[in-house]
Amino acid sequence: MSDPIDAVVDAVVSTVPDVRGGLANRRSYESGANPSGDRQLAADVYADELLEDRLLGVDAVAGYASEERESIVRTEGRYYVAADPLDGSSNLKSNNAMGTVFGVYDEPLPTSGRDLLASGFVLYGPITTMVLARGGTVTESVIDADGTRRTVTEDLTLPEDPTVYGFGGRVPQWRDAFAGYVSAVEAELKLRYSGAMIGDVNQVLTYGGIFGYPGLRDRPEGKLRLCFEGHPIAHVVETAGGASSNGERSLLDLTPERLHERTPLFVGNDEYIDRLEAALG
Ligand code: AHG
Ligand code: MN
Ligand code: MN
């Protein structure tokens, strides 16, 4: 019997040629909004439906939860998959990177980030890649147009010498303590901010540094969702030797009360996470 987690990952990989091939003609907005209240692109809905179909076809999957749908789709199985079907989908209009984020949990959702067994993302950039954290190791694969996956980095670890930073939200909306921290960071690192979390996180994984979307004056919970973005990406970065935080503690130590709960989100080299928590403390 094949490894059940491999079967989940293979199901996500099987959506890649269809999602990539379907982006060009799905740049329009749907009429509705997602459960977080964000506008939905046709591409968001398309990727979500593909993921539901392929993941529910895996015997081991007991539930599929998505940023794009209110409730969890339940079936017989063992593991629970949470997905952001298309992260950074607003980049479709400007033809910039975006991708799929996913986490495989050992417990029904919502649950602690410590219940993640695997997590990762597909990045639709100039090259289509998958970064996967599992069993204490992060690997990077290239996914070719026919959907074949070939590992190109066996053990991806955060560089020791950080280079880039990127923080979301409007600067006047940053709280004073955070703005003061950023003044120090911008004197040390160079700005990389693309509007797609996974594009920016992949920069941090490649060059070292920190990415974040802070709590704002008028939105203290921030923008990004704990279950669909925070947990998976924290699991990837911490597995790669970095750290994560909501400003106080690791995102993996947080358990959302509500499935679509938002959180301030920071990931990167532990030196910058430690300094952030000290600045916001
Ligand atoms: P999504 O497209 O899944 O809603 O995610 C978009 C998120 C995240 O990818 C990115 O870091 C952030 O929104 C960008 O927000 P701003 O447009 O406010 O910079
Ligand atoms: Mn997203
Ligand atoms: Mn999304």
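1. Which residue places a backbone N or O atom 2.8 Å from an oxygen atom of ligand 1? The residue is G88. Please keep in mind that this is a predicted model. Each distance below is computed from that model.

2. Y193 brings a side-chain N or O atom to 2.6 Å from an oxygen atom of ligand 1. Taken alone, ligand 1 exposes 470 Å². The protein buries 83% of that area.

3. Now the site as a whole. Ligand 1 sits in the largest pocket. Around ligand 1 there are 16 residues. Those that come nearest are D87, G88, Y193, M197 and Y213.

4. What is the make-up of the shell around ligand 1, in nonpolar, polar and charged residues? Seven residues are nonpolar, three are polar and six are charged.

5. Which strands supply at least two residues each to this shell? They are β5, spanning 79-87, and β13, spanning 209-213. β5 gives the most, with three residues.

6. Domain 1 covers 4-153 and domain 2 covers 164-280. The shell around ligand 1 draws at least three residues from each of them.

7. Two backbone details deserve a check in the viewer. L109 and P110 are joined by a cis peptide bond, with omega at about -10 degrees. P110 is found in the loop between β6 (98-105) and β7 (116-124). The other detail is N95. Its phi is near 55 degrees, a positive value in a residue other than glycine. N95 lies in the loop that runs between β5 and β6. β5 is also the strand that gives the most to the ligand 1 shell.

Technical notes. Residues numbered from 1 in each chain as written. Chains lettered and ligands numbered in written order. Predicted model: local features only at pLDDT ≥ 70, side-chain atom pairs only at ≥ 80, totals over all residues. Heavy atoms only, no water. Near = heavy atom within 4 Å. Polar contact = N/O pair within 3.5 Å; in protein donor to acceptor, adjacent residues only side chain to side chain. Areas by Shrake-Rupley, 256 points an atom, 1.4 Å probe, with all protein chains shown as cover. 1 Å grid on protein atoms, 1.4 Å probe; cavity = no way out; pocket = protein on both sides within 12 Å on 5 of 7 lines; lining within 4 Å. Sits in = over half its atoms within 2 Å of the grid points. Helix = DSSP H or I, 4+ residues; strand = E, 2+ residues; numbered from the N terminus. Nonpolar A, V, L, I, M, F, W, Y, C, P; charged D, E, K, R; others polar. Domains from an automatic or database assignment.
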